[in-house]
Amino acid sequence: MRELRQHSEVSNIELFYDLIFAYAISRITTVLHLVHHDTIPALYLVEFAVMVFMFWTVWTYQTVLVNRFFQENIQHSVFMLFDMFIVIVLSQSLTPNFASTQIAFPGATSLLLFSIAVQYLLRSRHLTDPRQLKVAYGLARILIITSVIGAITIIPWAPYSVREVVYILSMIYANIAPIFMKDRLTAFPAMFEHLTERYSLFTLLLFGEAIIAVTEVVDVHHFDWLSIPFFLIIVALFWVYFTIYQQGIDRHKRTAGIALINIHYFVFVGLDLVAAIVTLYLKHELIGWQFALLMTIGLWFFLGGSAMMLATYGSHRANEHWRLLFGNATCAAMIAGTVIWVCRDWQDIVMVLIALFLLGIAWWWNREVSRLSTNTAE
């Protein structure tokens with residue numbers, strides 16, 4: 001276990017692995033660009049959330065495997081590269097028409113989960129600590145059950161809608177089941193410094209995708225100055241997240257890291273949602289009321305998730321004020337949505353006010369996090 005703890009930095013192969021997942025999530029975001037009559041159909045919003053959930057589940061189990069049972073060898077690298085290629089194939093099969101991917105999507109995700117389960121079992125052969133063995137066998141069992149159910153849904157034993165629900169429920173099971181292993185996971189805690197770094201670096205890749213979204217509204221021949229407040233919105237969210245990561249959370253906590261993992265799903269969805277809908281709004285492809293609604297949801301997910309991360313893994317003072325932190329994040333999202341709703345017919349005013357408001361929120365968060373950190377140190 002001491003040898004495992006010495007591996008606290010994210011390796012190059014992990015970063016290489018994360019690149020394809022960041023690309024896959026950017027492919028999923030294109031579902032939000034399928035606008036009908038200036039609105040995004042509710043079905044596409046649900047499919048976006050579900051597909052991100054699937055990719056996040058696979059990526060998380062691989063991340064936990066490396067975090068708890070790291071072993072730098074050829075076998076580990078071969079499995080990682082094999083999984084990467086499956087993700088490449090899976091990302092190219094993404095489409096808003098789920099029925100057309102009834103073999104490719106559950107088949108590829110089931111294969112990925114089974115591959116990770118095999119890696120857990122292979123790694124368990126070299127473990128002697130009973131706490132480690134319990135965690136390895138428990139997670140492998142969850143993955144095997146989920147992958148088998150996913151593979152079964154490929155067989156046409158029932159209408160596709162029924163099999164789709166079964167498949168989604170199996171993935172939900174894969175995320176809920178570790179909660180009932182909390183005692184075992186806590187007895188053999190995560191390398192929290194590595195876990196936080198891995199999630200922050202993946203978030204950084206998603207911020208890179210958000211910056212690419214800004215470039216979609218930049219035309220050097222017909223420059224649109226509204227790309228500037230769009231860029232500042234992304235900068236403000238970046239400022240919020242990395243202020244919390246660098247100054248707010250205690251990266252040396254002894255914890256299973258379950259809350260950190262689940263919180264980041266909402267952070268990921270919120271960031272992608274904000275970047276996608278602002279792009280559509282600036283292209284005049286999204287009606288004002290839906291932009292206000294989705295912007296409120298996206299900011300609430302991102303800011304609320306960031307607040308809960310600080311409250312859960314920050315100083316004791318932050319833990320005591322989690323309601324205040326989460327309430328401030330909720331109020332910020334509601335205020336932003338209200339401003340957009342009131343000024344929805346004036347695009348210039350909306351973009352400038354939201355950019356300034358979020359920069360103000362980022363500045364306030366930076367000040368509060370620094371204050372909490374200083375008080376804890378004293």
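Begin by selecting Trp-157, which counts as partly exposed because its relative accessibility is 44% (partly exposed lies between buried, under 20% relative accessible area, and exposed, over 50%, with a 1.4 Å probe and protein chains only). Trp-157 sits in the loop that links H6 to helix H7 (160–176); helices are DSSP runs of H or I with at least four residues, numbered from the N terminus. This is a predicted model, in which local features need pLDDT of at least 70 and side-chain atom pairs count only at pLDDT 80 or more, while totals for chains, interfaces and linings use all residues. Residues are numbered from 1 along each chain as its sequence is written, and side-chain values use heavy atoms, without hydrogens or water.

Which residues does Tyr-120 contact, leaving aside neighbours within four places in sequence? Among them are Tyr-61, Phe-69, Ala-136 and Leu-143, where contact means heavy atoms within 4.5 Å.

Finally, select helix H11 (residues 258–282). Of the 25 residues in H11, 22 are buried. H11 reaches 37 Å from its first C-alpha to its last, close to the 36 Å expected at 1.5 Å a residue (1.5 Å times one less than the number of residues). Just after H11, His-284 adopts a positive phi of about 60 degrees.

Key:
Helix = DSSP H or I, 4+ residues; strand = E, 2+ residues; numbered from the N terminus.
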